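Reader: I'd like to learn how to read a protein model. Could we go through it step by step?

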Amino acid sequence: RTFGEQIRLPGIGQAGQLKIKKSRILVIGAGGKGTSALRCLVGAGVGFIGVTDNYVVEQTALPRQSLYGENALGRQKAIISKQKLSEFSTFTGFEIHNICLSEQNILPILEPYELILDATDNFPAHYLISDAAIKCGKPVVFGSVVHNTSLITVLNHAGGPSLRCLYPVPPINKGEYTDSGITAINLLYSITGTLMANEALKIV
């Protein structure tokens with residue numbers, strides 16, 4: 001009954017909703033894009049979600065990060081995300097990966113999930129996630145926000161291209177999609193995260 005309207009959509013039905021319920025999705029980055037994507041995935045009935053982020057909530061980020069309020073300042077994003085999302089729905093299980101990803105630890109973290117959302121904001125992280133996802137055979141939904149531009153694409157899916165096909169060389173200092181430290185319209189983070197969640201559900 002909770003997901004009745006979604007089940008009635010053409011192409012979903014009971015079978016599609018069951019796939020969503022059985023899916024295991026990892027969201028890397030619980031910032032502006034990640035929090036929006038997380039809310040949408042929980043709202044769709046995803047059965048199990050991993051949240052990876054080792055940063056704390058900061059005052060300057062509150063306008064674009066939809067899960068946090070001032071009472072969360074200085075607290076770990078991954079922990080607060082799980083607490084908030086658990087209030088929205090009891091249908092979803094969560095696992096927190098409150099750790100900085102590296103070449104040494106990323107593979108076992110990715111392995112239990114069928115799909116990865118890359119909601120990070122720098123190219124070293126993007127490449128790390130994409131390369132590890134290829135090794136694990138996992139598709140990646142990639143999202144980037146720069147000023148008034150949003151870029152969303154699906155990587156490593158059904159024999160498709162990887163991030164290194166899109167960006168053989170990191171576009172640093174070239175005025176392209178270098179999203180680390182670049183300001184953007186706050187609303188665009190939420191829009192991007194929502195579209196990333198939509199791509200994830202389409203894959204599921």
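Author: Here is a short tour of helix packing, a loop residue, salt bridges and backbone angles.

Author: Keep in mind that this is a predicted model, where local features need pLDDT of at least 70, side-chain atom pairs count only at pLDDT 80 or more, and totals for chains, interfaces and linings use all residues. Residues are numbered from 1 along each chain as its sequence is written, and side-chain values use heavy atoms, with hydrogens and water left out.

Reader: Okay, helices first. At what angle do α3 and α8 pack?

Author: In general, two packed helices are described by the angle between their axes and the distance between the axes. Helices here are DSSP runs of H or I with at least four residues, strands are runs of E with at least two, and both are numbered from the N terminus. Axes are lines fitted to C-alpha atoms, for helices over the stretch in contact, and angles run from 0 to 180 degrees between N-to-C directions. In this model, α3 (residues 32–44) and α8 pack at about 45°, and their axes are 7 Å apart. That makes α3 oblique to α8; under 35 degrees would be roughly parallel, over 145 roughly antiparallel, 65 to 115 roughly perpendicular, and the rest is oblique.

Reader: Which residues of α3 and α8 make the contact?

Author: Contact means heavy atoms within 4.5 Å. From α3 the list includes Ser36, Cys40 and Leu41, and from α8 it includes Tyr189, Met196 and Leu201. By class, the contact of α3 with α8 has nine nonpolar, six polar and one charged residues. Ala, Val, Leu, Ile, Met, Phe, Trp, Tyr, Cys and Pro count as nonpolar, Asp, Glu, Lys and Arg as charged, and the others, Gly among them, as polar.

Reader: What about Val46: buried or exposed?

Author: Buried means under 20% relative accessible area, exposed means over 50%, and partly exposed is in between (1.4 Å probe, protein chains only). Val46 has 0% relative accessibility, so it counts as buried. You'll find Val46 in the loop between α3 and β2 (48–52). Leaving aside neighbours within four places in sequence, its contacts include Leu41, Phe91 and Leu201. Val46 and Lys21 are 25 residues apart in sequence, yet their C-alpha atoms are 4.8 Å apart in space.

Reader: Next, how many salt bridges does a search of the whole structure find?

Author: A salt bridge is a side-chain nitrogen of Lys or Arg within 4 Å of a carboxyl oxygen of Asp or Glu. The search finds two. Arg164 pairs with Asp131, with the closest N and O atoms 2.8 Å apart. Arg164 lies in α7 and Asp131 in α6 (residues 123–136), so this pair ties together parts that are 33 residues apart in sequence. Lys202 pairs with Glu199, the closest N and O atoms being 2.9 Å apart. Both of these lie in α8 (residues 186–203), three residues apart, about one turn of the helix. Lys202 is exposed at 56% relative accessibility, while Glu199 is partly exposed at 21%.

Reader: Last one: what is the phi of Asn156?

Author: Most residues other than glycine have a negative phi. Asn156 is not a glycine, but its phi is positive, about 60°. Ala158 has a positive phi too, of about 55°. Asn156 is in the loop between β6 (149–155) and α7 (163–166), and Ala158 is placed in the loop between β6 and α7. Asn156 is buried, at 14% relative accessibility, whereas Ala158 is exposed, at 76%.
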